[in-house]
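Reader: I have a chain open on my screen and would like to go through it with you. Can we start with the overall picture and then look at single residues?

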Amino acid sequence: MKSYDLLSLAYRNLWRRKGRTILTVLGVVIGTTAIVVMLSLGIGLVDSQKKQMEQWGSLNMIRVHQSYSFPGEPGEEQQRLLTDEAIEEIKAIEGVVAVSPAYEVSGEAKLGKKVGYIQLVGIDPAMMEMLEFKAAHGRLLTAGDKFNVVAGSWVINNLWDPNDTLDRWEEPPQGDPLELLNKRLSLTLMNARQQKRIYSLNVVGILSDDSMENANTVFGPLAEIKKMRAFVEQGGQGSPEIPVFPGVDVEVKEPPRSRQRQQQVDQYSFALVRTADVALTRSISQELRDRGFNAYSMADSLEGIEDVARQMQAVLGGIGAITLLVAAIGITNTMVMSIYERTREIAIMKVVGASFADIRTMFLAESSLIGIIGGIIGIGLSYLISYLLNTYIGAAIGAGMGGEGTVLQVSLIPPWLVFFAVAFSMAIGLISGLYPANRAIRLDPITAMRHG
């Protein structure tokens with residue numbers, strides 16, 4: 001018999017006993033829905049946590065610091081410093097696509113009447129786009145910048161007018177980041193000798209607030225921030241207050257530095273590392289720690305969440321699998337009952353020349369159709385339940401965590417889960433039909449005609 005004729009016959013046979021077929025399909029629907037919804041809860045948990053983490057930092061980024069040890073401590077000889085040689089070593093690690101060393105200083109800043117303290121970080125301007133920096137307004141740093149800087153979206157909130165009087169319980173108003181754009185920040189740095197230098201910094205860009213990791217930071221060219229850090233770390237001689245303005249080179253004589261002090265200045269504060277993929281971030285972060293560096297990434301925190309999600313999926317998915325197992329027993333029972341009712345039909349098919357393969361295929365097609373139909377309906381029902389969970393439970397949880405209007409996605413059904421569920425339900429139907437199909441082909445035609 002042709003394959004199309006067998007499928008057509010199998011479909012018509014299913015609906016001879018509509019009530020029994022519907023109840024059997026319903027068992028597969030419930031089992032498929034249970035598995036998909038249970039697994040979607042774990043997937044939704046990981047996805048929502050990823051999105052929340054990405055608001056505070058990219059999952060592709062690693063922040064690397066030198067390891068710290070003290071004289072006389074065991075393992076002091078393994079101390080790793082962030083020097084140029086270390087940066088080149090990090091760049092050579094497979095999976096690393098961008099690296100920038102960084103210097104860090106902080107000092108008092110003034111913007112008109114506003115004053116406050118800012119954190120200033122020097123990085124390689126050529127690496128900003130590669131390190132996922134985005135300018136919401138203005139531009140990022142370029143190679144020719146010297147006293148130009150870009151500011152995070154919250155930096156303006158670190159500056160305030162001392163003459164403003166606010167109630168002690170009153171929350172200060174949020175500043176507009178655009179107040180900084182194309183304005184000059186006056187930065188005062190002081191070293192251990194209480195000597196000062198004043199730098200005039202031009203803000204050429206405001207960073208996007210997609211990631212809050214850099215929202216309170218001002219970024220400048222690496223070479224210039226290194227000079228500022230050298231002054232803060234080692235001090236200097238000359239006038240106690242030296243203004244520094246763009247285009248004006250000020251020579252300040254400093255006392256000879258010891259070899260140890262010079263090495264301290266040449267060491268970077270930290271390094272920013274971007275990986276090719278989130279899946280590589282944790283392994284590269286661990287490799288950096290194995291090499292003696294202190295390394296941290298947001299992806300490290302995700303590991304514990306994924307472990308919890310896997311455990312939850314195993315438990316909940318197991319419950320759904322039990323439901324589907326019960327449905328498989330129902331399919332087997334339906335097909336066995338069908339054999340008893342169709343013994344004469346099976347005998348006639350054998351008499352007229354139908355092969356054992358044709359009869360086996362017909363019964364396997366019937367059981368597979370039950371699995372496919374139940375799986376498809378189960379997927380549709382799963383999407384409905386997922387929508388209701390996100391709309392009501394997700395909204396309630398999100399309102400408690402992030403405020404009114406925030407919706408937490410507690411259930412997520414990715415495309416691969418849809419294909420898995422349909423394939424799994426079809427496989428359950430196919431396996432459930434093996435015993436009835438083999439039983440059907442073992443029927444003796446003469447006996448079947450006599451007792452059918």
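Reader: How many of the residues count as buried, as a percentage?
Author: This is a predicted model. In it, 45% of the 452 residues of the protein chain count as buried.

Reader: And what does the secondary structure come to?
Author: The protein chain has twelve helices and twelve strands.

Reader: What share of the contacts with a separation of 6 or more is between residues 24 or more positions apart?
Author: Such pairs account for 78% of those contacts in the protein chain.

Reader: What about the accessible surface of the chain, how much is there?
Author: About 23,800 Å², and 59% of that belongs to carbon and sulfur atoms.

Reader: Inside now. Which residues touch the most other members of the largest nonpolar core?
Author: That core has 42 residues, and the ones touching the most other members are Val-64, Leu-82, Leu-120, Leu-180, Leu-185, Leu-201 and Leu-288. Strand S2, residues 96–111, supplies the largest share of this core, with six residues.

Reader: Take Val-64. What does Val-64 touch, leaving out residues up to four places away in sequence?
Author: Its contacts include two other residues from that list, Leu-82 and Leu-288. Val-64 also touches Ile-90, Phe-270, Ala-271, Val-273, Phe-293, Asn-294 and Ala-295. Apart from this core lies another, of 31 residues, with Met-335, Ala-365, Ile-370 and Val-418 among them.

Reader: Back to strands. How do S2 and S7 pair?
Author: They pair in the antiparallel sense, over three bridges. Lys-110 stands opposite Ser-186 in S7.

Reader: And how many bridges join S7 to S8?
Author: Seven, and those strands run antiparallel too. For instance, Met-190 has Lys-196 in S8 as its bridge partner.

Reader: What sits between S7 and S8 in that hairpin?
Author: Five residues, and in this hairpin Gln-194 takes a positive phi near 65°. Gln-194 is not a glycine.

Reader: Is Gln-194 buried or exposed?
Author: Gln-194 counts as exposed because its relative accessibility is 54%, and the cut-off for exposed is over 50%.

Reader: Where does Glu-132 lie, and what is its phi?
Author: Glu-132 is in the loop between strand S3 (114–123) and strand S4 (135–138). Its phi is near 70°, a positive value in a residue other than glycine. Glu-132 is partly exposed, with a relative accessible area of 32%.

Reader: Now a glycine. Which strand holds Gly-205, and is Gly-205 buried or exposed?
Author: Gly-205 is found in strand S8. Gly-205 is buried because its relative accessible area is 0%, and buried means under 20%.

Reader: What touches Gly-205, again without residues up to four places away in sequence?
Author: Its contacts are His-137, Gly-138, Arg-139, Val-149, Val-150, Ala-151 and Leu-181.

Reader: Last topic, the outside. Which residues form a nonpolar patch on the surface?
Author: The patch is made of Leu-381, Leu-384, Tyr-387, Leu-388, Tyr-392, Ile-393 and Ile-397. Together they have about 690 Å² of accessible area.

Reader: Where does Tyr-392 lie, and how accessible is Tyr-392?
Author: Tyr-392 lies in helix H9, residues 356–402. At 59% relative accessibility, Tyr-392 counts as exposed.

Terms used. Residues are numbered from 1 along each chain as its sequence is written. This is a predicted model: local features need pLDDT of at least 70, side-chain atom pairs count only at pLDDT 80 or more; totals for chains, interfaces and linings use all residues. Side-chain values use heavy atoms; hydrogens and water are left out. Helices (H or I, at least four residues) and strands (E, at least two) are DSSP runs, numbered from the N terminus. Buried means under 20% relative accessible area, exposed over 50%, partly exposed in between (1.4 Å probe, protein chains only). A nonpolar core is a set of buried Ala, Val, Leu, Ile, Met, Phe, Trp, Tyr and Cys residues joined through side-chain atoms within 4.5 Å. Contact means heavy atoms within 4.5 Å. Two strands pair if DSSP finds at least two bridges between them. Patches are made of residues with over 30% relative accessible area and no salt bridge: like charges are joined within 9 Å, nonpolar side chains (Val, Leu, Ile, Met, Phe, Trp, Tyr) within 5 Å. Accessible areas come from the Shrake-Rupley method with a 1.4 Å probe; for residues, only the protein chains shown count as cover. A salt bridge is a side-chain nitrogen of Lys or Arg within 4 Å of a carboxyl oxygen of Asp or Glu.
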